[in-house]
Amino acid sequence: MSRRWAAGRRLFLTSAALLAAMGAIGQGAGWIMLTTTLGPTAYVLLAHPESEAARLRNSSLGHAAATACGLACLAVFGLWQHPSVVEQKHDTWPQIGAQALAVGLTLLLLELLEAQHPPAAATALLITSGIARPGPPLYGMLTGLALLIAGAALIAWVGRRPDTAAGPEEGGG
């Protein structure tokens with residue numbers, strides 16, 4: 001139980017710190033960087049850093065593929081300038097089609113690329129729902145994802161480094 005408490009405390013602190021940093025950077029840039037895709041991405045990267053889904057390649061390719069699929073579906077369905085589902089308070093049939101196709105294409109691409117990263121599906125939905133529409137909302141989300149992925153990779157790297165605080169005594173020097 002104490003090991004789970006320590007792991008939970010570590011997850012709480014690292015996720016809260018990373019997401020607060022994304023919010024602060026977004027505030028300074030005038031962009032919303034804290035979007036719903038960052039939560040599951042943070043969980044996968046921080047709670048399961050050794051999993052396939054948490055690999056730097058998979059998380060980067062996953063969100064890149066989802067972004068490409070989402071933008072392509074916006075164009076195909078003529079939704080580039082369409083109001084978001086939040087503004088309309090409902091989905092339209094073209095939005096539903098774009099959302100379903102974008103997630104399906106994202107999953108297909110992730111399988112073909114051998115780059116499993118489940119949170120990428122949320123990125124496709126955010127784009128095709130118009131919440132992370134092209135322009136500052138999309139730039140903010142993508143910047144937040146890039147910084148989160150880089151921050152989590154740094155945390156994982158520091159966690160894997162051998163303890164150098166012991167000094168030369170342990171090495172016989």
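Colleague: Which helix provides the largest share of the nonpolar patch?

Modeller: Patches are built from residues with over 30% relative accessible area and no salt bridge, like charges being joined within 9 Å and nonpolar side chains (Val, Leu, Ile, Met, Phe, Trp, Tyr) within 5 Å. Here the largest share, 5 residues, comes from helix α5 (residues 93-112). The patch as a whole covers about 670 Å² and is made by V76, F77, L101, L105, L108, L109, L112 and L113. Areas of this sort come from the Shrake-Rupley method with a 1.4 Å probe, and for residues only the protein chains shown count as cover. Please note that this is a predicted model: local features need pLDDT of at least 70, side-chain atom pairs count only at pLDDT 80 or more, and totals for chains, interfaces and linings use all residues. Residues are numbered from 1 along each chain as its sequence is written, and side-chain values use heavy atoms, with hydrogens and water left out.

Colleague: How many helices and strands does the chain have?

Modeller: Helices (H or I, at least four residues) and strands (E, at least two) are DSSP runs, numbered from the N terminus. This chain has 7 helices and 0 strands. Its C-alpha trace spans about 70 × 35 × 30 Å along the principal axes, and 37% of its 173 residues count as buried.

Colleague: At what angle do helix α3 and helix α7 pack?

Modeller: Axes are lines fitted to C-alpha atoms, for helices over the stretch in contact, and angles run from 0 to 180 degrees between N-to-C directions. Angles under 35 degrees count as roughly parallel, over 145 as roughly antiparallel, 65 to 115 as roughly perpendicular and the rest as oblique. Helix α3 (residues 56-76) and helix α7 (residues 136-160) pack at about 170 degrees, with their axes 10 Å apart. The two are therefore roughly antiparallel. Contact means heavy atoms within 4.5 Å; by that rule, L56, S59, S60, H63, T67 and L71 of α3 meet L138, L142, L145 and I149 of α7.

Colleague: How many residues of helix α6 are buried?

Modeller: Helix α6 (residues 120-128) is mostly covered, with 7 of its 9 residues buried. They are A120, A121, T123, A124, L126, I127 and T128, and their cover includes α3, α5 and α7. T123 has 0% relative accessibility and counts as buried. Beyond residues up to four places away in sequence, T123 touches T37, H63, A66, T67, M141 and L145. The C-alpha atoms of T123 and T37 are separated by 5.8 Å, although the two are 86 residues apart along the chain.

Colleague: Which residue forms a salt bridge with R133?

Modeller: Side chains of opposite charge can pair when their charged atoms come close. A salt bridge is a side-chain nitrogen of Lys or Arg within 4 Å of a carboxyl oxygen of Asp or Glu. The structure holds 1 salt bridge, formed by R133 and E87, whose closest N and O atoms are 2.9 Å apart. R133 lies in the loop between α6 and α7 and E87 in helix α4, so the pair ties together parts that are 46 residues apart in sequence. R133 counts as buried at 19% relative accessibility, whereas E87, at 54%, counts as exposed.

Colleague: What is the phi of K89?

Modeller: Most residues other than glycine have a negative phi, and most peptide bonds are trans. K89 is not a glycine, yet its phi is positive, near 70 degrees. This residue is placed in the loop between α4 and α5, and K89 is exposed at 71%. E114 likewise is not a glycine and has a positive phi, about 50 degrees. E114 sits in the loop between α5 and α6 and counts as exposed at 59% relative accessibility.

Methods. Buried means under 20% relative accessible area, exposed over 50%, partly exposed in between (1.4 Å probe, protein chains only).
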